[in-house]
Amino acid sequence: MMKKLLLIFAALFFVCTMKADEVEVMPDYSYAMAVSPNGRYLVGYNPSTAVSGVGTESFLYDAETASFTWMTSFTGEDWSKAGYFKDVNDAGTICGSVKDMDHVVTFEGVDAPTNIAAVFEKGKVFKLPYGDLDLGKIKQHEDGTFARSISNDGKVVVGYCTCSHSAYNYPCLWTRDGSGQWTFSRLALPEGYDNGVAINVSADGRTIVGLAIKGMESTACYWIDGTCHLVACTAEDAPILAYSGQMRVIDMSPNGRFFIFSISSYYGYRIFDIQKGSYRPLPSFDDSGMSQLPSITNDGDVFGAEKCNSVGNEEKTFYKNYWYQYSSGRIFDFTYYLQLFNPSLGMPFSLSYEDKTQAFPCAVSGDGNVVAGNKDVMTILGEIPKAWMLNVNRKDVFIPATPGRVTGKSTGFRQAAISWKADKTSYESLRLTGYNVYQDGKKIATLNTVTDEMSLACKDLPAGYLHFSVEGIYQDAQGKPMLSPRSAPAVIAIPENYSLPLFEDFEQASLTANYWTMEKDYGEDADSQWAVGPYLGYGGSIGAVSGAISLKPYSASLVSRPFDAAKLDKVKCSFIFLGLQEMSDDGKPQDLSKDTLSLEYSLDQGETWTSAKDWTIGQMPPMEGVMAVDLTEAVAGHLFQIRLHKHGEGAAKFYFYIDNITVGSGGGAGAPEGFMAKATQNHEVALAWKNCRKSYPLSYLAERPGAGLTLGNEGKELIGANKFTAEELDMYHGKYLTSVTTYINFAEDEEEEEITGEEVHAAVVIFEDGKLIREQEIENLSYNENTTQRLSQPVLIDSSKELIVGIRIHDYDAEQMPLTYELSKACVPGKSDLFSEDNGATWQTVWDFYAGDPYTAACCWDITANITDRPDDATGQDQTGIIGYNVFRDGLQLNGACIPEEGTRYLDKQPLPKATYHVIAYYADGKESEPSEAVVVELADGISAPAFDSSLLHWDGTSVSLREKGTLTVLSADGRVVARSAAGRLPLAGLPAGIYIVSAECGHQNYSMKIAVRR
């Protein structure tokens, strides 16, 4: 295939006298806004002195005389010299706005003038007339008229009038007659459009572009000789516009043929050809579309920049500058444009993406020979903005193909390998002779031998996220070299070390701190992203978010750096799953069984990956859960990586949130104490252990504190209480109730500086078989936090007797609502929600009181009875560092959501005939406890294996099948794992004859069945 790419040369009407090999950098606090069509003049303003978003100090730069002049000024008091420049023509005539000293308004207690459109010409300021505009609507300091663009003959100016903080906008046209008088008129809008703005006018004054506004919707439009034409959106863009409703117009070429608009407020840039009445997308390097406002030439070429961050989120934005060539439809790095047309240009600052440049182009002459821009514009970070201007000499040139995307990965410590395909295009006068290889913009190798598959191994690399790119080396018929554009870079993470443990809490607001990388196998870009942000993590901290929203198949991963476990004999991985946010379009339930999150590991630098654990999105806990996987068998003694791999059919739209990814040997905190188990009469296994208070918490609280509610009785006595029967007490028979913990709410008077402690009184009350046996006033009562009251006379737990444990409030202000409870699915009406208004003579339920209202009635009182082994055992203090607990049976995690401090118990409803249990605590700082002492539970003889759902598990004598998404595990009679699969079917033909237990993890439950293998 022959490829010839031609740049059109345009004749210059003005020859710029800037030195060809220099860049003109303007003084501090200058910000470029527009270049004249011939490239001679540049105008801009000082962003540091803008008031209410309107500039007050503006400059003019004349490239012919190399003179820079601040033409307007503002001292903070004298508004009469303030001005805001927006555009300039070939004669140096400027349009913008000044302050109308004849129209001073009072807004929010401040007197200040509003704005009026103006023309600056030959040292004079001409205020443009208001015409029929209603000055009564111009009520705020940022209101007024604004001139945005001026024709080359200086006789046509366009702009808009804005009122009430842009609540009203009117497109304005000012024309000057032969006598120099200016006349105002409103540009006509299509029927149904009451508001609009005019943004640009062509050099000849005939074509105007802007927006027509109807309600909250804005549509790009253009006027030719006064007639307005709306831009019709293509079928492909219609859904995006329907969602955003906000088009924007960015810039127009001086000849009036092309203009840039966007189909949303932030992305989706398009180039409209007025001659053809159609548009095309403006491509981007990485499909982000987050372009800094670009500028367009007479031949449709576009100059701009994409806003970038490194992997993850960084505080400082940098730019990937580009040149889009309209004739070929190709996009190039802006530095390649300079390389082609001004190779001797000396740059006092970098414009390179690899250098994380803080400079970007924003304005261009009609022929593309003069480009202006800005640098260091992030004043919030202490940067001082400076405008810049450079020139080139465009000519006809052949541009060979851009190399395909480079792929690469780390292959060892401080090592990487990259590869790419050689260009096979046949050109008229170019021949490929080799490639240059760049690392972070610096050439590191030249390859003079061309093969179909090109590659390079790199050693002794610095740590960091390194960018590798390549450019083709060509030779023309005369033997002169020609370089291709550089490829898009491959970003490879080169970590400082491979050490363990890893604790990733994302508190540096970045994925880069611990060298995470994002990889996409297939699917839409929107489904491959991972982001970091505030309030997404545990306890409202910084966390990570990902998801899938395209409803198309996808596969993408968050990949770790390598870890060296050569000297470790135990390796674990855990992370907090913080919940799921479904994005159903119609509000109906979605199928969450066809999208999966997998924890996978690799032992060969990411060549192959093996799943250690799979969860369908529907299997993930509905609230905070620590997802823990023991990787010891797979990775201990090896160099390995992990990845969180999300993949699926795209059957649902959702986001999920994670935090505290931990990889290491575990431990670091003491083991939970008092772990005990007991087989129930229902063929279930009840488990319990002591919490941080060194006691067994007896309550109905089974979730982390969430949506709490309060209850009071208008100052009269009220008891809130939990009732426990043999079902709840059997585990604790013979132990002692030694203290009670509760949470008393107090609504503080905003006028009082501190809580006095006298407004609420509370007492612990305990009833046994309906009889009040203990009543003890709470001493040193604390408000709005847990208070624990030790009983002067502990209560011996007798599981044959009913026990009611409550809090009686009395002598409190009628406005107070002191008793607190959690809305919870663990609510047991008649047990977790009792209350009494007659000191326990009769009992009512919160469930009945609120008639079963799901938003108020599902009560679990914030009341916990603390159980100890002996009557004199002390109750410990609350600890805030524990996230929760996980229960394991034969090494497999049973619970989904974390088990909280107030609910350290678990009921295994599908136990095995014989199993070993233990529990582990997890902490917010990444530590996990040592495993508790293991407890072996063997169901009594004569008790059959637990029932299972035959529609879920199927045993045909040769294999076990699981009819829903989950994991199958086969254990021998002594509890050893002998086979495991997440594929839905597990062949067992190779097992010796004997009795086995099949465990199926599906949803939030574990199911099991006993099978007999016969030979």
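Is Asn 200 buried or exposed? Select Asn 200: at 12% relative accessibility it counts as buried, where buried means under 20% relative accessible area, exposed means over 50%, and partly exposed lies in between (1.4 Å probe, protein chains only).

**Before going on**

This is a predicted model, in which local features need pLDDT of at least 70 and side-chain atom pairs count only at pLDDT 80 or more, while totals for chains, interfaces and linings use all residues. Residues are numbered from 1 along each chain as its sequence is written, and side-chain values use heavy atoms, with hydrogens and water left out.

**The whole protein**

Show the protein as a cartoon. The secondary structure comes to 5 helices and 77 strands; helices (H or I, at least four residues) and strands (E, at least two) are DSSP runs, numbered from the N terminus. Along the principal axes, the C-alpha atoms fill a box of roughly 105 × 75 × 45 Å. Of the 1015 residues, 54% are buried. Contact means heavy atoms within 4.5 Å. Among contacts between residues at least 6 apart in sequence, 65% join residues at least 24 apart.

Colour the charged side chains next. There are 84 positive and 132 negative ones, and the centres of the two sets lie 9 Å apart. Lys and Arg count as positive and Asp and Glu as negative, without His and the chain ends; the place of a charge is NZ of Lys, CZ of Arg, CG of Asp or CD of Glu.

**Stop 1**

Go back to Asn 200, which is in strand S14 (residues 195-201). Leaving aside neighbours within four places in sequence, Asn 200 is in contact with Ser 149, Val 158, Thr 207, Ile 208, Val 209, Ile 250, Asp 251 and Met 252.

Now select Val 249, in strand S18 (residues 248-252). Val 249 is buried at 10% relative accessibility. Its contacts, not counting residues up to four places away in sequence, include Ile 199, Val 209 and Leu 211. Val 249 and Val 209 are 40 residues apart along the chain, and their C-alpha atoms are separated by 7.4 Å.

**Stop 2: helix H2**

Select residues 334-341, which form helix H2; 6 of its 8 residues are buried. These are Phe 334, Tyr 336, Tyr 337, Leu 338, Leu 340 and Phe 341. Which strands do the buried residues of H2 pack against? They are S23 (302-308), S24 (318-325), S25 (330-333), S27 (370-375), S28 (386-391) and S35 (481-483).

Rings of Phe, Tyr and Trp (its six-membered ring) pair if their centres lie within 6.5 Å; planes under 30 degrees apart count as stacked, over 60 as edge-to-face and the rest as tilted.

**Stop 3**

Select Phe 68 and Trp 70: their pair is edge-to-face, 5.4 Å centre to centre, with 80 degrees between the planes. Phe 68 is partly exposed at 22% relative accessibility, and Trp 70 is partly exposed at 33%.

Then select Phe 746 and Tyr 783. Their ring centres are 4.6 Å apart and their planes are at 10 degrees, so the pair is stacked. Phe 746 lies in the loop between strands S55 (736-743) and S56 (761-768), and Tyr 783 in the loop between strands S57 (771-777) and S58 (786-796), so the pair ties together parts 37 residues apart in sequence. Phe 746 is buried at 8% relative accessible area, and Tyr 783 is buried at 10%.

For a charge over a ring, select Arg 280 and Tyr 326: the charged end of Arg 280 sits over the ring, 3.6 Å from its centre. The rule asks for NZ of Lys or CZ of Arg within 6 Å of the ring centre and within 35 degrees of the ring normal. Arg 186 lies over the face of Tyr 170, at 4.7 Å from the ring centre.

**Stop 4: backbone details**

Select Leu 500 and Pro 501, which are joined by a cis peptide bond with omega about 5 degrees. Pro 501 is in the loop between strands S36 (490-494) and S37 (502-504).

Finish at Ala 851, in the loop between helix H5 (846-849) and strand S63 (859-861). Ala 851 has a positive phi of about 55 degrees although it is not a glycine. Ala 851 is exposed, with a relative accessible area of 71%.
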